[in-house]
Amino acid sequence: MIVEKNSMIQIYELSAGRCSLSTPAFLAQAMPVLSWKVKTDEKDWMQLSYEVEQYDASGEKVATTGVVASSDSVGIPWPFEPFASRERRSIRVRVTDEDGQWSGWSDSLYLEAPLFEPSDWSSSFITSQGNETDSCTYLRREFSSSGEILSARLYITALGLYHVRINGKTVSDDCFSPGWTVYSDRLLYQSYDVSSLLVKGENAICAILAEGWYSGRLGFDGGKRNIWGERLALSGQLEITYADGHSEKIISDSEWRSSAGPLKFSSIYDGELFDARDTMLGWDLPGFDQSSWERVQEIPFSNELLTPADKPPVRRIEEIAPVCFVLSPSGKQLIDFGQNLVGRLSIRVRGEKGHAITFRHAEVLEKGELGVRPLRLAKATDTYILQGTGEYEEWEPLFTFHGFRYVEVENWPSEINKEDITAVVLHSDMKRTGWFSCSDPLLNRLHENVLWSMKGNFLEIPTDCPQRDERLGWTGDLQVFSPTASFFFDVTDFLSSWLKDLSIEQKKNNGIVPPVVPNALGDTFGAAAWGDAATVTPSVLYERYGRRGILASQFDSMKSWVDFIISSAGEDSLWNSGFQFGDWLDPTAPPDKPWLAQTAKEIVASAYFARSSSLLAQAAALLCMEEASYYKDIARKSRTAFQREYITPSGRMMSDSQTAYSLAIVFDLFENEEQKRKAGNRLASLVRDSGYVIQTGFVGTPLICDALSMTGNYVTAYRLLKQEESPSWLYPVIMGGTTIWERWDSMLPDGTINSGEMTSFNHYALGAVADWMHRVIGGLAPAAPGYKHIRIAPHPGGNITSAMSEHESPYGRIHVSWDIKEGMFNVNVIIPPNTRAEILLPSQIEKEFIEVGSGEYSWSVPYVDPDARGPYTVDDLIGEVLGDTKAKGALMKVLDELNVPPFIYAVMNNERGNSVSSLLQMVHASAEAVQKMNSAFAEAADR
């Protein structure tokens with residue numbers, strides 16, 4: 001179909017780095033980066049040039065870039081003068097196509113700078129006169145406005161967590177502000193437009209403080225308190241501009257008052273206690289009697305550490321109603337929300353004064369009772385004591401969150417109804433960018449589980465788990481999951497902010513990346529796959545978002561991590577010293593000894609040495625750094641050393657394990673393609689011999705399907721993915737799991753919880769396979785940074801007959817959907833403007849790509865399963881053949897002619913049974929018999 005050129009070229013999204021979602025958009029840096037997206041129905045549209053105009057606060061044009069000949073529209077360096085503190089400007093952009101036709105101007109984007117200089121702050125950090133161990137404090141200050149208010153801005157932060165109100169109204173829907181950072185070096189503050197909240201005359205600004213991560217208990221085995229400080233404190237600066245041009249500041253100082261209040265206790269791990277009997281009516285309004293409140297005291301804190309908020313805030317994202325109410329065998333009232341989630345309860349209750357209701361949270365039930373053992377020492381308990389007014393009372397915790405599907409309610413004053421209680425889902429408010437579905441409902445549920453685990457663990461920082469006495473920023477988990485995360489959501493700002501804290505922790509420890517960031521545990525060792533978050537995560541962000549500035553800002557961090565490995569590896573270029581996690585939680589290891597993986601730890605470490613040094617060399621070359629050649633040589637030496645030490649000439653690994661082969665294949669550590677192919681075949685053999693169950697831990701699991709498919713073993717990869725017996729991805733799905741588990745068998749088949757000390761039912765790391773699902777099943781992957789060039793190459797398998805993968809890339813929406821009907825492979829593709837794509841259809845025997853530009857496309861071609869042309873083993877075919885009644889009948893007939901022993905039939909009738917190849921070996925079947933079996937399966941498959 002020929003599409004005529006269309007004069008409608010529209011800029012439908014213009015952004016400038018990290019901004020809040022408010023209007024105007026508050027910046028996080030004085031020179032933000034610009035990006036825009038184009039909408040047009042013209043096929044093969046490419047940008048030829050652009051122009052950006054800048055306007056001042058009065059609307060007068062003050063600068064323009066002029067016409068810039070460039071196809072760039074993502075991550076454009078700020079082309080004007082840096083913003084000064086409090087400065088307001090607006091920008092707009094227009095573009096031309098390759099024929100020089102201009103689009104219209106985009107809508108204006110209004111930008112405002114916060115306080116960039118320490119000298120901009122006049123406020124002090126104020127704290128109560130009370131006990132320094134208090135977990136909550138109430139603060140307030142009244143003031144009079146002196147005229148008609150034109151605008152007002154509030155800049156605010158805390159040591160601890162804050163909730164701020166003006167004249168009885170919440171300033172923002174942000175939760176857990178100011179967030180979690182390395183507080184000793186970087187404390188975020190938020191900027192709010194509060195013009196609409198102030199009135200002429202008397203006003204009141206009030207806040208509640210809680211310990212949060214700053215001084216609350218963190219870590220397992222009881223944890224530690226006061227890691228970054230002991231006293232809760234607030235620093236706020238309200239700047240008011242009046243219609244007559246004058247301005248004034250209301251700052252946190254000794255004029256404020258403090259008091260205890262109804263929120264008696266708040267803890268991240270343990271929950272909250274709220275005594276509504278102590279409710280102070282009107283405490284957040286002007287005119288409140290504060291005579292019993294004490295004056296605050298000021299404490300020292302350096303304004304040099306104050307940093308504009310640079311990541312999306314945590315927000316209340318959705319509410320989930322109860323699915324059912326049940327009584328446990330012991331008579332406890334339980335609520336099932338049907339989904340393992342992260343958040344808290346919102347309740348509505350009526351009862352007598354002093355009546356206390358307790359809510360205990362857990363992810364699973366065990367023998368019908370709340371399964372709290374995995375929480376370890378986290379109480380995860382909220383208590384509400386009724387005010388007893390005779391009316392319905394509404395309450396929701398402010399400063400805590402729990403990981404739960406089930407809630408045990410103790411002492412509800414009457415019959416509980418669905419309308420009385422909801423679960424509020426909390427996570428960092430990132431923009432959703434990725435979707436996937438296919439014809440297999442179990443894989444769809446697996447994918448949904450990965451999504452829910454990411455949402456629950458991307459709360460302020462990327463955590464390992466959201467429920468027990470841990471909830472820490474484990475670097476290894478994020479390192480392996482970052483590609484998947486970058487598909488689901490726009491995590492640019494979320495992870496860029498976390499990487500800043502990672503860099504800070506490195507500087508404290510000679511380049512070593514601690515296992516958790518922020519380093520709440522105090523550990524100072526560097527371990528492979530965990531510390532490599534320093535190199536892998538920035539590289540992934542560059543690959544998925546095309547923002548070169550991310551590599552530039554993290555280059556010193558990447559470099560210092562590789563320099564640490566070099567110093568640890570020694571002259572032989574092998575990293576075989578120091579503590580290593582290895583392939584953590586390999587399912588072959590004992591439950592109480594997760595470090596006893598079958599893969600040698602030095603293989604994991606040396607493989608990551610080669611990987612990280614290669615990524616650093618690539619970043620250095622891209623950034624034109626003089627160190628590029630040095631690190632390229634380091635990468636070459638580490639790769640050669642790995643080959644020499646751990647790989648035989650025939651492609652066998654020293655550790656003959658699934659993880660060892662997966663690492664070497666995906667990290668490209670073999671000498672040549674033939675050696676790599678043999679290694680892939682050996683990996684496939686190991687998977688088949690295992691009965692297609694997982695034998696990899698945190699390191700190998702994200703790589704194994706890629707390692708198999710990269711070496712042509714797609715059938716094996718699909719059978720591994722679709723295995724339902726433990727350990728496997730689908731076993732938790734079959735068991736009713738709604739998130740990804742930490743252990744493959746966190747819950748045993750009899751419904752009891754794994755006896756291991758570490759047992760979480762919400763850990764996203766093993767869900768990293770979703771990235772393979774997006775790229776291989778869905779067929780959508782970047783072929784150049786930021787999806788400027790897109791690869792569309794679906795590879796059907798596993799009896800999947802249709803799939804859809806969709807991603808909102810930096811250039812716009814990419815869509816791939818395909819199905820197989822009546823022997824035809826049908827695919828629909830949408831490619832966004834200013835990009836190109838290479839399309840590989842599964843029927844293309846020569847594997848030549850079709851090159852296309854932007855637009856919508858459809859193809860329908862005869863479908864021949866590309867895997868059917870290759871050699872089959874019995875195990876490769878058994879799952880597919882047995883799923884087809886006609887093929888199974890034909891196979892049975894052939895097997896009758898071969899006089900196959902009866903036990904083979906029993907195995908065949910159990911698709912999740914033992915390996916047929918292994919059974920044949922057990923009865924010492926001849927090579928000729930095995931060949932006949934293979935032929936029989938091939939013949940059955942053809943039918």
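Helix axes are lines fitted to C-alpha atoms over the stretch in contact, and the angle between two of them runs from 0 to 180 degrees between N-to-C directions. The model described here is predicted. In it, helix H9 (residues 658-666) packs against helix H11 (residues 701-710) at an angle of about 65°, and the two axes lie 8 Å apart. The crossing of H9 past H11 is left-handed. On the H9 side, Gln658, Ser662, Leu663, Ile665 and Val666 take part, and they meet Leu703, Ile704, Asp706, Ala707 and Met710 of H11. Sorted by class, this contact comprises seven nonpolar residues, two polar residues and one charged residue.

A further pair is formed by helix H4 (residues 492-507) and helix H6 (residues 548-569), which pack at an angle of about 35° with axes 10 Å apart. H4 also passes H6 in a left-handed crossing. The H4 residues Thr492, Ser496, Leu499, Lys500, Leu502, Ser503 and Gln506 meet Ile550, Gln554, Ser557, Ser560 and Trp561 in H6. In this contact of H4 with H6, four residues are nonpolar, seven are polar and one is charged.

## Nonpolar cores

In soluble globular proteins, nonpolar side chains tend to be buried together. The largest nonpolar core of this model contains 205 residues. Within that core, the members touching the most others are Trp213, Phe359, Phe458, Val491, Trp729, Trp772 and Ile777. Helix H7 (residues 601-622) makes the greatest contribution to this core, supplying 11 residues.

The surroundings of tryptophan 772 may be described individually. Leaving aside residues up to four places away in sequence, Trp772 touches Cys705, Asp706, Ser709, Ala717, Tyr718, Leu721 and Ile777.

Across the whole structure, 56 salt bridges are found. One of them joins aspartate 706 to arginine 775, with the closest N and O atoms 2.6 Å apart. Because aspartate 706 lies in helix H11 and arginine 775 in helix H14 (residues 770-777), this pair ties together parts that are 69 residues apart in sequence. Aspartate 706 has a relative accessible area of 13% and is therefore buried, the cut-off being under 20%. Asp706 is also among the H11 residues that meet H9, and it is one of the residues touched by Trp772.

A salt bridge also connects the side chains of glutamate 470 and arginine 376, at 2.8 Å from N to O. Glutamate 470 is located in the loop between strand S36 (461-462) and helix H3 (475-488), and arginine 376 in the loop between strand S29 (369-370) and strand S30 (381-385), so the pair ties together parts 94 residues apart in sequence. Glutamate 470 counts as buried because its relative accessibility is 4%.

Glutamate 211 and arginine 225 form another salt bridge, in which the closest N and O atoms are 2.8 Å apart. Glutamate 211 sits in the loop between strand S15 (202-210) and helix H1 (212-215), while arginine 225 sits in the loop between H1 and strand S16 (233-242), 14 residues apart.

Note on methods: Residues are numbered from 1 along each chain as its sequence is written. This is a predicted model: local features need pLDDT of at least 70, side-chain atom pairs count only at pLDDT 80 or more; totals for chains, interfaces and linings use all residues. Side-chain values use heavy atoms; hydrogens and water are left out. A nonpolar core is a set of buried Ala, Val, Leu, Ile, Met, Phe, Trp, Tyr and Cys residues joined through side-chain atoms within 4.5 Å. Buried means under 20% relative accessible area, exposed over 50%, partly exposed in between (1.4 Å probe, protein chains only). Helices (H or I, at least four residues) and strands (E, at least two) are DSSP runs, numbered from the N terminus. Contact means heavy atoms within 4.5 Å. A crossing is left-handed if the near helix is turned anticlockwise from the far one by less than a right angle, and right-handed if clockwise. Ala, Val, Leu, Ile, Met, Phe, Trp, Tyr, Cys and Pro count as nonpolar, Asp, Glu, Lys and Arg as charged, and the others, Gly among them, as polar. A salt bridge is a side-chain nitrogen of Lys or Arg within 4 Å of a carboxyl oxygen of Asp or Glu.
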